[in-house]
Amino acid sequence: MTNRYNITYNKELKDFVTPKHLKEAPIHNWLVFPHSYSHELISILKERWHLGSGDVILDPFCGAGTTLLAAKKYGISAKGYDISPFAIFISNVKARNYEEPALRDCWEEICRKAKKSVKADKKIKNYPELVLKALPRQVLSNFESLEAIIAQCTNSSRERDFFRL
């Protein structure tokens, strides 16, 4: 069966509609949603549909940004939307361009401040019961301290977001 794009529907792409290939893929593997699909699927579809730099890909459910990141690799513009603010954050951070010296500076600042951080047991925010069952209070306290240190990093929000992710 084919449609107007002359796409043949068959089982040859079944291995590419799961996230298993993303677990070894740089940047893609930063965070993988269970319903993600392989970045290789974008490569296959790019070839089949003859997509190039003059085209735009729309991903209305961008999730962890697989399509956006793959499109960027091929020099194709892409727009992604998602109902989840967390998904938008993830895909924005993964698809950005970074300067290594700026990341290194931010990392060094975070490490410096973390070493000076007092590791006292402090009162933590109110979390849902499920979170409190999953993570010990000391771990949550450490996460909160690290988040505060990242927020104080003097670099731009790009670098701060990189380390938050």
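This report describes selected local features of a predicted model, from its strands and helices to its cysteines and aromatic rings.

## Strands 1 and 2

Strand 1 covers residues 56–59. One face of strand 1 is covered and holds Ile57 and Asp59, while the uncovered face holds Val56 and Leu58. Strand 1 pairs with strand 2, residues 77–80, in the parallel sense, and the pairing runs over 4 bridges. One of the residues with a bridge partner is Asp59, whose partner in strand 2 is Gly80.

Helix 2, residues 66–73, belongs to a unit with these two strands. Strand 1, helix 2 and strand 2 make a β-α-β unit, and the unit is right-handed.

Helix 1 spans residues 39–49, and His39 lies in it. His39 has a relative accessibility of 18%, so it counts as buried. Beyond its neighbours within four places in sequence, His39 is in contact with His21, Leu22, Ala25 and His28, and also with Thr66 and Ala70.

His50 lies in the loop between helix 1 and strand 1. The relative accessibility of His50 is 67%, and therefore His50 counts as exposed. His50 has a positive phi of about 55 degrees, although it is not a glycine. Most residues other than glycine have a negative phi.

Lys46 lies over the face of a ring, that of Tyr74. The distance from Lys46 to the centre of the Tyr74 ring is 5.2 Å.

## The disulfide and other cysteines

A search of the whole structure finds 1 disulfide. The disulfide joins Cys106 to Cys153, with an S to S distance of 2.5 Å. Cys106 lies in helix 4 (residues 100–116) and Cys153 in the loop between helix 6 and helix 7, so the pair ties together parts that are 47 residues apart in sequence. Cys106 is buried, with a relative accessible area of 0%. Cys153 is buried too, with a relative accessible area of 4%.

Cys111 has a relative accessibility of 24% and counts as partly exposed. Cys62, at 4% relative accessibility, counts as buried.

## Around Asn155

Asn155 lies in the loop between helix 6 (137–152) and helix 7 (157–164). Asn155 has a relative accessible area of 15% and is buried. Leaving aside neighbours within four places in sequence, the contacts of Asn155 are Ala102, Asp105, Cys106, Glu109 and Arg160. Cys106, one of these contacts, is a partner in the disulfide with Cys153.

Asn155 and Pro136 are 19 residues apart in sequence. In space, their C-alpha atoms are 31 Å apart.

## Aromatic pairs

The structure holds 4 aromatic pairs. One of them is Tyr98 with Phe162: the ring centres are 5.0 Å apart and the planes are at 65 degrees, so the pair is edge-to-face. The pair links distant parts of the chain, with Tyr98 in the loop between helix 3 (85–95) and helix 4, and Phe162 in helix 7, 64 residues apart. Phe162 is partly exposed, with a relative accessible area of 22%.

Trp107 and Phe163 also form an aromatic pair, which is stacked, with 5.6 Å centre to centre and 25 degrees between the planes. Trp107 lies in helix 4 and Phe163 in helix 7, so the pair ties together parts that are 56 residues apart in sequence. Trp107 is partly exposed, with a relative accessible area of 46%. Ring pairs link Trp30, Tyr98, Trp107, Phe162 and Phe163 into a cluster.

Not counting residues up to four places away in sequence, Leu140 touches Ile124, Tyr127, Val131, Leu132 and Leu135.

Leu140 and Lys94 are 46 residues apart along the chain. Their C-alpha atoms are separated by 25 Å.

Terms used
Residues are numbered from 1 along each chain as its sequence is written. This is a predicted model: local features need pLDDT of at least 70, side-chain atom pairs count only at pLDDT 80 or more; totals for chains, interfaces and linings use all residues. Side-chain values use heavy atoms; hydrogens and water are left out. Buried means under 20% relative accessible area, exposed over 50%, partly exposed in between (1.4 Å probe, protein chains only). Contact means heavy atoms within 4.5 Å. Two strands pair if DSSP finds at least two bridges between them. A crossover is right-handed if, with the strands pointing away from the viewer, the path from the first strand over the helix to the second runs clockwise. A disulfide is a pair of cysteine sulfur atoms within 2.5 Å. Rings of Phe, Tyr and Trp (its six-membered ring) pair if their centres lie within 6.5 Å; planes under 30 degrees apart count as stacked, over 60 as edge-to-face and the rest as tilted. A charge sits over a ring if NZ of Lys or CZ of Arg is within 6 Å of the ring centre and within 35 degrees of the ring normal.
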